[in-house]
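Subject: Structure handover

Hello,

Please find the structure below. My notes on it come after.

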Amino acid sequence: MKKILIIEDEKKLSDVIHDELHKNGYFPFQAFDGELGLISFRNQKPDLVLLDVNLPKINGFDLIKSFRVINPNVPIIMLTAFGDIDSKMLAFDNGADDYLIKPIDFKELIAKIKIFLRRSSQFPVEDTKIHFKDVVIDLGTKSVIRNNIHINLTPKEFELFYYLVKKQGRVASKEELADNVWAERYGVTPNTIEVYINFLRNKIDKEFKDKIIQTKAGFGYYIAS
């Protein structure tokens, strides 16, 4: 039975989420502030986290950063009333896997949980390294090094870069990237893909003469061999 940590300070909402998860065959447990959430994450080792943004003691954005240090592979779905693009981008930049706006549609929530748990079980942590050109991708630590310089990528940036690398020079369209890197398509637009490609270029290519991330106009993106 998969363990799901609910970090939500509204007790009524947390209890409703708890009951819905239990009815769907999961083992949910609750924390009502950021400090308790961090302790529960360390001790209980959940398979997935549902995380509010506005929490007492430690806010949701800061919690994600701590979670990613402890275990970079646990899926995190943020639950928040903030639907603006800046808040979404901040969540993804800090390491959230998805972003669900309140009031919660429980059918959508359960669908997202199933997707992320299925993906995490299909793709366990790999203790291998990929070398190409002057780049090293460490799949165990989820890190990227170029020319002996550590490149600080967010989890979503890492996933996007790794997906492109796995294509081995073949072009990936924006639609393909949305389907495979974002798990599902809610709220993911062509502009979202463009923004993240730009993030990667600024981090991986900007300071180097040899540009790795290439665009094939009208088709998509690929990694130069």
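This is a predicted model: local features need pLDDT of at least 70, side-chain atom pairs count only at pLDDT 80 or more; totals for chains, interfaces and linings use all residues.

Residues are numbered from 1 along each chain as its sequence is written, and side-chain values use heavy atoms, with hydrogens and water left out.

The sheet

Helices (H or I, at least four residues) and strands (E, at least two) are DSSP runs, numbered from the N terminus. Strands of a sheet pair through backbone hydrogen bonds, either parallel or antiparallel. Here, 4 strands form an open sheet in the order S6-S7-S8-S9, with antiparallel pairing; two strands count as paired if DSSP finds at least two bridges between them. S6 (129-132) and S9 are the edge strands, and each pairs on one side only. On average, neighbouring strands of this sheet are turned by 20 degrees against each other, direction ignored. S6 and S7 (residues 135-138) are joined in the antiparallel sense over 4 bridges, and Ile130 has Ile137 of S7 as its bridge partner.

Helix H6

H6 packs on this sheet and touches S6, S7 and S8 (143-146); contact means heavy atoms within 4.5 Å. The direction of H6 makes about 115 degrees with that of S7. Axes are lines fitted to C-alpha atoms, for helices over the stretch in contact, and angles run from 0 to 180 degrees between N-to-C directions.

Is H6 mostly buried or exposed? Of its 12 residues, 9 are buried, so H6 is largely enclosed by the rest of the structure. Buried means under 20% relative accessible area, exposed over 50%, and partly exposed in between (1.4 Å probe, protein chains only). Among the buried residues of H6 are Phe158, Tyr162 and Val165. The 12 residues of H6 should span 16 Å at 1.5 Å a residue, and its end C-alpha atoms are 16 Å apart, which agrees; the expected span is 1.5 Å times one less than the number of residues. After H6 comes Gln168, with a positive phi near 55 degrees.

H6 also packs against H8 (residues 190-205), at an angle of about 85 degrees and with the axes 10 Å apart. That makes the two helices H6 and H8 roughly perpendicular (65 to 115 degrees; under 35 is roughly parallel, over 145 roughly antiparallel, and the rest oblique). Residues in this contact include Leu160 and Phe161 of H6 and Phe199 and Leu200 of H8.

The hairpin

S10 (residues 213-216) and S11 (residues 220-223) pair in the antiparallel sense over 4 bridges. They form a hairpin with 3 residues between them, and Gly218 in the turn has a positive phi of about 85 degrees. Gln214 stands opposite Tyr222 in S11.

Two single residues

Asn152 lies in the loop between S9 (149-151) and H6 (155-166). Its relative accessibility is 58%, so Asn152 counts as exposed. Not counting residues up to four places away in sequence, Asn152 touches Glu157 and Lys203. Asn152 and Ile204 are 52 residues apart in sequence and 9.2 Å apart in space, C-alpha to C-alpha.

Ala31, in S2 (residues 27-31), is buried, with a relative accessible area of 1%. Leaving aside neighbours within four places in sequence, the contacts of Ala31 include Leu5, Ile7 and Leu36.

Regards
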